[in-house]
Amino acid sequence: MNKIFRVLSIAALVGVMGCGASKGLLHRGTKPLSLRMVESEIKRNPEAVSLDGIEPGMVKWNYTTGLELQAIMDAAEVYSRQDFWDYAARYYDTMVRPDGEILTYSKHKYNLDHVCPGRPLFRIYEKSGEPRYKMAMDTLYSQLKGQPRTKEGGYWHKKIYPNQMWLDGLYMAEPFHAEYINRFVRTRDAELSAQLQKQIADQFIIIAEHTYDPATGLYRHAWDSSHEMFWCDKTTGQSAHSWGRGLGWYAVALVETLEIMDEDFEGRDSMIQILRSIFDALPRYADPKSGMWYQVLDQPQREGNYVEATCSIMFIYAQMKGARLGYLPAEELEKGRANYEKFVECFMRENPDGTISMMQCCAVGGLGGKQMRDGSFEYYLSEPIIENDCKGVGPFIWASLEYERGK
């Protein structure tokens, strides 16, 4: 496998929880860390089809790949790196066939994860003008139009997970949804555009109402509107815990979707209020020593819990960008910058070959499925811990670009 996975035992985990592995990395050399991370990833994975541990010779329409490639394309544009752009574009040239078919994608699975990797297509289509990319975007948009919904109107996370909304799903669907409306609906039909933007806001509001935990001020990972799943509370339908990356996805989704949509759409104020509520609560759950956040967010310092990289960098990216765009109070920008510096000290490592790596990433997290994941504290701690997970690398590139704006 081209991606280096390191699954840490509990004993090894204890050894890295102290952080500080990258002492001085932020200030070592003159090359920005956003560029160093992209270059490192390309060195580890010479072709983007191999990102996220995809076996040689295999291809996969994959949300984690799409997430990282979106960030790499952003770095390409900021630093005028055509090689970064070409690296990302080759993946989409492979995955989208001349007739617009997306390899390994099935619309009728109604899987929100499969909408997410479509985001880079907007820019690729804009630059190339190739109709196949517009056809692929139309296919993903048609999935959202037909996506099964709860009785309250919220998208099911997947067809195989009926009646369930996960915080993750807001990131998977809504930034793409908003950008499609912005580019292809707004100029053609302003009234329809306004209606669709309200529907997007409703997705954020519905899941906020049904996952909010008043005891902690946080949002739990998921909600079953039928109250029937084995992992949910039979009164509220909520899962048992606030999972760090789940809330990280939600925070990033709020910021990125708000940025794309109109400044006066119905529901905008509610989305901003939700975002602010997240950052009002988060400081209470940070590790006092490192300033970073835990895998099981609502159980800080509980024995066995650990500070986790992907959720921490998602929060930091959303904090800096949300403040820059005015959705969060202005003082959150400097707090975010300070948190970014703490993150680098805690989670980043310089390797002997000059590449850099992100440590302590939760490999995966979910509920139900074949594994019968129950959302317990013990479940979240049972998932593998790896390095250089796409779900952390992409947000790290974005957070680095935000940080580098202020230098």
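In this predicted model, the count of disulfides comes to 0, taking a disulfide as a pair of cysteine sulfur atoms within 2.5 Å.

**Cysteines**

- Cys 116 is in no disulfide, and the nearest cysteine sulfur, that of Cys 390, is 11 Å away.
- With a relative accessibility of 2%, Cys 116 counts as buried.

**Aromatic rings**

- Across the whole structure, a search finds 22 aromatic pairs, and one of them is the stacked pair of Tyr 141 and Tyr 180, with 4.0 Å centre to centre and 10° between the planes.
- This pair links distant parts of the chain, since Tyr 141 belongs to helix α6 (residues 131-146) and Tyr 180 to helix α7 (residues 167-185), 39 residues apart.
- Tyr 141 and Tyr 180 are both buried, and they belong to one aromatic cluster together with Phe 122, Tyr 125, Phe 176 and Phe 184.
- Phe 184, a member of that cluster, has Lys 134 lying over its face, at 4.7 Å from the ring centre.
- Elsewhere, the charged end of Arg 337 sits over the ring of Tyr 403, 4.2 Å from the centre of that ring.

**Largest pocket**

- The volume of the largest pocket is about 910 Å³, and of the 36 residues that line it, Lys 60, Tyr 63, Asp 113, Lys 158 and Val 364 are the closest to its centre.
- Elements α3 (63-79), α7 and α9 (244-260) are those that give two or more residues to the lining of the largest pocket.
- Sorted by class, the lining of the largest pocket holds 15 nonpolar, 9 polar and 12 charged residues.

**Second largest pocket**

- The second largest pocket holds about 530 Å³ of space, and of its 22 lining residues the closest to its centre are Asp 74, Arg 123, Glu 259, Lys 321 and Trp 398.
- Two or more residues of the lining of the second largest pocket come from each of α3, α5 (121-128), α7, α9, α11 (309-324) and α14 (390-405).
- The lining of the second largest pocket divides into 7 nonpolar, 2 polar and 13 charged residues.

Definitions and conventions:
Residues are numbered from 1 along each chain as its sequence is written. This is a predicted model: local features need pLDDT of at least 70, side-chain atom pairs count only at pLDDT 80 or more; totals for chains, interfaces and linings use all residues. Side-chain values use heavy atoms; hydrogens and water are left out. Rings of Phe, Tyr and Trp (its six-membered ring) pair if their centres lie within 6.5 Å; planes under 30 degrees apart count as stacked, over 60 as edge-to-face and the rest as tilted. Helices (H or I, at least four residues) and strands (E, at least two) are DSSP runs, numbered from the N terminus. Buried means under 20% relative accessible area, exposed over 50%, partly exposed in between (1.4 Å probe, protein chains only). A charge sits over a ring if NZ of Lys or CZ of Arg is within 6 Å of the ring centre and within 35 degrees of the ring normal. On a 1 Å grid over the protein atoms alone, a cavity is a set of points where a 1.4 Å probe fits but cannot get out, and a pocket is an open set with protein on both sides within 12 Å along at least five of seven lines; lining residues have an atom within 4 Å of a point. Grid points are joined across faces, edges and corners, and a volume is the space filled by probe spheres set on the points. Ala, Val, Leu, Ile, Met, Phe, Trp, Tyr, Cys and Pro count as nonpolar, Asp, Glu, Lys and Arg as charged, and the others, Gly among them, as polar.
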